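Good morning, and thank you for coming.

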Amino acid sequence: MLPWKRVLRPLAALLLTAAVAAVPAATAHAADSAPSSGWNDYACKPSAAHPRPVVLVHGTLGNSVDNWLSLAPYLETRGYCVFSLDYGQLPGVPVFYGLGPIDKSAEQLSAFVDKVLTATGAAKADLVGHSQGGMMPRYYLRFLGGAAKVNALVGLAPDNHGATLSGLTNLLPYFPGAADLIKASTPGLADQIAGSAFLAKLNEGGDTVPGVRYTVIATKYDEVVTPWQSQYLSGSDVHNVLLQDLCPLDLSEHVAIGLFDRIAFHEVANALDPARASATSCASALS
């Protein structure tokens with residue numbers, strides 16, 4: 001093995017460990033059912049007020065429980081049937097998911113949405129995703145027939161045009177073979193790097209597909225999907241939102257916007273039910 005490869009492997013492990021450490025620890029872990037009635041409750045029937053089930057799609061290194069310990073109950077108490085899935089598992093890597101090839105993860109999402117629609121009897125679902133979970137569903141919508149089954153996609157800090165980790169990915173060309181190593185060991189990470197073949201395919205011909213409403217909620221303090229403007233989508237039925245335009249005092253970065261930011265959650269609720277939307281402000285943190 002070349003000397004630089006001996007250095008790169010522990011470096012990659014260190015970066016992965018640091019990324020994991022950045023995710024707040026939680027006592028609950030991924031499971032087929034989550035700790036809340038109405039959350040992953042397959043007996044839940046959508047109401048007339050909220051006729052579509054909401055499927056939550058976690059981010060990289062997240063899972064179906066830890067990523068949604070705040071948002072799932074927030075939506076459930078507002079009368080939604082809420083479901084969440086695990087995807088992108090790698091052999092021998094428990095709890096931390098979203099690392100497998102993203103096209104295969106989209107297939108898992110497709111199967112899960114079908115399961116939810118069958119159980120609830122709804123014609124369509126709404127999707128809410130954090131980070132990779134806000135971008136990956138676009139593959140499902142475009143290439144796997146998801147547009148016929150989805151009414152709206154809401155992305156919290158989605159890496160729609162790739163992640164640069166505040167420019168760190170620009171250093172990869174200085175380490176020959178580094179990109180190949182990442183692709184071989186964690187293909188889900190490689191697919192998210194700005195300029196990847198996966199993203200080129202996803203975004204070729206436009207960001208959106210007809211019949212689906214898109215909302216992107218970004219924070220200018222994002223340190224992962226940079227520049228933060230790259231999260232935005234272009235299209236006729238797109239609503240791009242900067243969190244700090246709603247509340248200048250909101251300091252949430254990439255992780256916090258998905259895990260516990262109730263100002264962002266209020267805007268998610270607005271996107272899911274625009275007919276009953278109310279203005280989002282700093283006071284929404286208390287709603």
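I shall go from the whole chain to the sheet, then to the helices, the cores and a few single residues.

A word on the source: this is a predicted model, in which local features need pLDDT of at least 70, side-chain atom pairs count only at pLDDT 80 or more, and totals for chains, interfaces and linings use all residues. Residues are numbered from 1 along each chain as its sequence is written, and side-chain values use heavy atoms, with hydrogens and water left out.

Let us begin with the chain. It has 11 helices and 6 strands; helices (H or I, at least four residues) and strands (E, at least two) are DSSP runs, numbered from the N terminus. Of its 287 residues, 50% count as buried, where buried means under 20% relative accessible area, exposed means over 50%, and partly exposed lies in between, with a 1.4 Å probe and protein chains only. Contact means heavy atoms within 4.5 Å. Among contacts between residues at least 6 apart in sequence, 76% join residues at least 24 apart.

Now the sheet. In what order do the strands of the open sheet stand? The order is β2-β1-β3-β4-β5-β6, with parallel pairing; two strands pair if DSSP finds at least two bridges between them. β2 and β6 each have a single partner strand and stand at the edges, so one side of each is left without a neighbour in the sheet. From one strand to the next, the twist averages 15°. Such angles run from 0 to 180 degrees between N-to-C directions, and axes are lines fitted to C-alpha atoms, for helices over the stretch in contact.

Some of the pairings can be followed residue by residue. β1 and β2 run parallel and are joined by 4 bridges, and valine 54 has valine 82 in β2 as its bridge partner. β3 and β4 are also parallel, with 6 bridges; here aspartate 126 is partnered by alanine 152 in β4. Between β4 and β5 there are 5 bridges, again in the parallel sense, and leucine 156 stands opposite isoleucine 217 in β5. β4 is mostly covered, with 7 of its 7 residues buried.

α3 packs on it, touching β1, β2 and β3, and the direction of α3 makes about 155° with that of β2. Helix α11, residues 262-272, lies across β1, β3, β4, β5 and β6 and runs at about 170° to β5. Why is α11 described as largely enclosed by the rest of the structure? The reason is that 10 of the 11 residues of α11 are buried, including Phe265, His266 and Glu267.

I turn to the interior. In soluble globular proteins, nonpolar side chains tend to be buried together. A nonpolar core is a set of buried Ala, Val, Leu, Ile, Met, Phe, Trp, Tyr and Cys residues joined through side-chain atoms within 4.5 Å. The largest such core here has 32 residues, of which Val55, Leu109, Leu127, Tyr140 and Leu141 touch the most other members. The largest share of this core, 7 residues, comes from α3. Leucine 127 touches, among others, Val55, Leu109, Tyr140 and Val154, with residues up to four places away in sequence not counted. Apart from this core lies another, of 26 residues, with Leu56, Val65, Leu75 and Val154 among them.

Finally, some individual residues. Threonine 226 lies in the loop between β5 (213-218) and β6 (238-242), and threonine 226 counts as buried because its relative accessibility is 14%. A cis peptide bond, with omega about -10°, joins threonine 226 to proline 227. The side chain of threonine 226 also makes a polar contact of 2.3 Å with that of threonine 164. A polar contact is a pair of N or O atoms within 3.5 Å; within protein, one must be able to donate a hydrogen and the other to accept it, and residues adjacent in sequence count only if both atoms are side-chain atoms.
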